[in-house]
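Walk me through this structure, please.

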Amino acid sequence: MRAANIMWLLGAGASAAAGVPTAGEMIWEFKQQLFLSQRKVSAKSVADLSNPYVRAQLQSFVDSAGNLPAPDTSTEYADLFEAVWPNEGDRRTYLDGKLKGAKPSYGHIALATLMKAGLCKIVWTTNFDALVADACAKVFDSTSALTSIHLEGQSGIDEIFRSERWPMEVKLHGDFRSRRLKNTGDELRQQDAKLGQVLQDTCLRSGLVVVGYSGRDDSVMDTLVAAAKQNGAFPSGLFWLHRGDSQPLPRVTDLIATAAANGIDAAVVRIDNFEEVMRDLIRLTAGLDTTILDAFASERKRVSAVPIPSGTKGYPVVRLNALPVQTIPTHCRRVQCKINGYAEVRAAVEAAGTNILVTRVKAGVLAYGSDADVRKTFEPFGISEFDLHPIEPHRMRFDSGERGLLREAVSRALARTLKLRLVHRRHTDLLFPADANDALWSDLKSLVKQLSGVVSGHPELRWFEGIGVRLDWAGDRLWLTVEPRTVFEGATPENKAAATDFARERTVRRYNKQLNDLIAYWAGVLSNGGEELRALNIGAGIDAVFKLGGDTAFSRRIRS
């Protein structure tokens, strides 16, 4: 209803589906580059930037440096970028490489479709890419339909706005080909005064939708806040589209609060992503010419979960080593306090001597345990928020901090309930009988003959029959992957080769029948007869409670 009087402000998140990394992703790359340059370790050791343990290691390094920005601060991106590549030419080369090969996504084509219909006149962007221009070239079948303004072409900006050369794209940080890229702290602070003033002036006449932008740049946010304080600003509203379940940055919430207090229709709107927003707007807007958009959409691949095969060849032929996780915790405790990365959070737990499970994510510290223990651990860091955090199953698709917390919790639950010893490893937790002589393990002993011992020639190296477990996502659900393993105690770099040889010799003759029997045995044990598995078994606070199915996954022979 207000489309003709609403501008758009695009950030890096709006280009994610086009293959351009977001600011958040580049921040972790910068931290990785700084870590590798200082620590002189193999790049493979910190290659997986989605791994919470890798992130914790990188953040701990950044925290220890003393001169690098804290997470989620407004200057984090710019300061880290400048720390990695102090030379402007190197920064330009880096961005050029990131943008190479990027093509407009569905969201960009949809936005250009709105532009052609006169339902979007001005697009402001902090991005360096040419995706909006490329999308307009497709939809308008012309490269001259869009008026594009950037740092090196701003001399006539007042005249351009007065002459209403719509549609228009204004690049607040410059074109990526520009020699004046504004991508470091000093450059951001020198944000072009003319563009900033024009943005503020247009906010007095139009509404604004912000998407894909975190609000990290003080120059842009200062301009929006100044506009929001003026009477009559954003006459068609101010809507900040925010992806994910975490809270927006404080500057964003402050902006929305300032606007609302001034009588502006302002709100944070939760979304899945830029593409889904544009799909819904196109679907709900009548009279659009979607010929180009429909053709584009028909060529795009749809990615979804692999369907479970069905066939007529009878019983399963391959048993897989994964147990279905039937129940996961619905929430955990969330704490906001003045604490930095994962390493500092773990150190706080050790210093307090509390029995809690923790991780550090953007939303704050996530924890399981008694409320008294959680408060005792983090009160020295000034708790500002102490509430609940929902555990959404769909977020378990990725090896995130939340999934890492659940993996630690389910491993703790199995060890506590089933009389197993637990050894945490980066990717896979190890479990083995706490007392190999307990009659509880007689069936396992009949399968493998011996449950523990000492490696010949290495009296310091003890071994145990056990398993490795981890959480994986497949078929739109979580699974506990179980792998029979030989677990060692007393391993050192000097006896590592002996341990490897022993483990190989011990398991090399475990063929299909032996492995099937072992997986069946562990499936029966770990499922705990369908009963709940509690990580901490506490009466007060929040515990992590799981249920595992006893039937492992199978593959089936199907007819083609």
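**A guided walk**

Leucine 420 stands opposite proline 433 in S15. This is a predicted model, where local features need pLDDT of at least 70, side-chain atom pairs count only at pLDDT 80 or more, and totals for chains, interfaces and linings use all residues. Residues are numbered from 1 along each chain as its sequence is written, and side-chain values use heavy atoms, with hydrogens and water left out.

Stay with that pair of strands. Strand S14 (residues 420-423) and strand S15 (residues 429-433) pair in the antiparallel sense over four bridges. Two strands pair if DSSP finds at least two bridges between them. Strands (E, at least two residues) and helices (H or I, at least four) are DSSP runs, numbered from the N terminus.

Next comes an open sheet. Seven strands build it, in the order S3-S4-S2-S1-S5-S6-S7, and the pairing is parallel. Its edges are strand S3 (147-149) and strand S7 (266-271), each of which pairs on one side only. Neighbouring strands in this sheet are turned by 20 degrees against each other on average, direction ignored. Angles run from 0 to 180 degrees between N-to-C directions, and axes are lines fitted to C-alpha atoms, for helices over the stretch in contact.

Look inside this sheet. Strand S5 (residues 207-211) runs parallel to strand S6 (residues 238-243), and four bridges join them. Valine 211 of the pair stands opposite leucine 241 in S6. Helix H11 (residues 250-261) packs on the sheet and touches S6 and S7. The direction of H11 makes about 155 degrees with that of S6. Contact here means heavy atoms within 4.5 Å.

A second open sheet has four strands, in the order S11-S12-S10-S13, with antiparallel pairing. S11 and strand S13 (385-390) are the edge strands, each pairing on one side only. Neighbours in this sheet are turned by 30 degrees on average, direction ignored. S11 pairs with strand S12 (residues 364-368) in the antiparallel sense, over five bridges. Arginine 360 has valine 365 as its bridge partner in S12. Helix H14 (residues 342-352) packs on this sheet, touching S11 and S12, and its direction makes about 155 degrees with that of S11. Helix H15 (residues 371-378) packs on the sheet too. H15 touches strand S10 (331-336), S11, S12 and S13, and its direction makes about 25 degrees with that of S10.

Now turn to two helices. The axes of helix H5 (residues 106-116) and helix H13 (residues 291-299) come within 9 Å and cross at roughly 170 degrees. H5 and H13 are therefore roughly antiparallel to each other, a label for angles over 145 degrees. Tyr106, Ile109, Ala110 and Thr113 of H5 meet Leu293, Phe296 and Ala297 of H13. By class, this contact has six nonpolar, one polar and no charged residues. Ala, Val, Leu, Ile, Met, Phe, Trp, Tyr, Cys and Pro count as nonpolar, Asp, Glu, Lys and Arg as charged, and the others, Gly among them, as polar.

How many cavities of 30 Å³ or more are there? The count comes to three. A cavity is a set of points on a 1 Å grid over the protein atoms alone where a 1.4 Å probe fits but cannot get out, and lining residues have an atom within 4 Å of a point. The largest cavity has a volume of about 70 Å³. Its lining includes Pro52, Tyr53, Val358 and Glu408. Helix H16 (401-418) is among the elements that give two or more residues to this lining, and H16 gives the most, with four residues.

Terms used:
1 Å grid on protein atoms, 1.4 Å probe; cavity = no way out; pocket = protein on both sides within 12 Å on 5 of 7 lines; lining within 4 Å. Points joined across faces, edges and corners; volume = space filled by probe spheres on them. Parallel < 35°, antiparallel > 145°, perpendicular 65-115°, else oblique.
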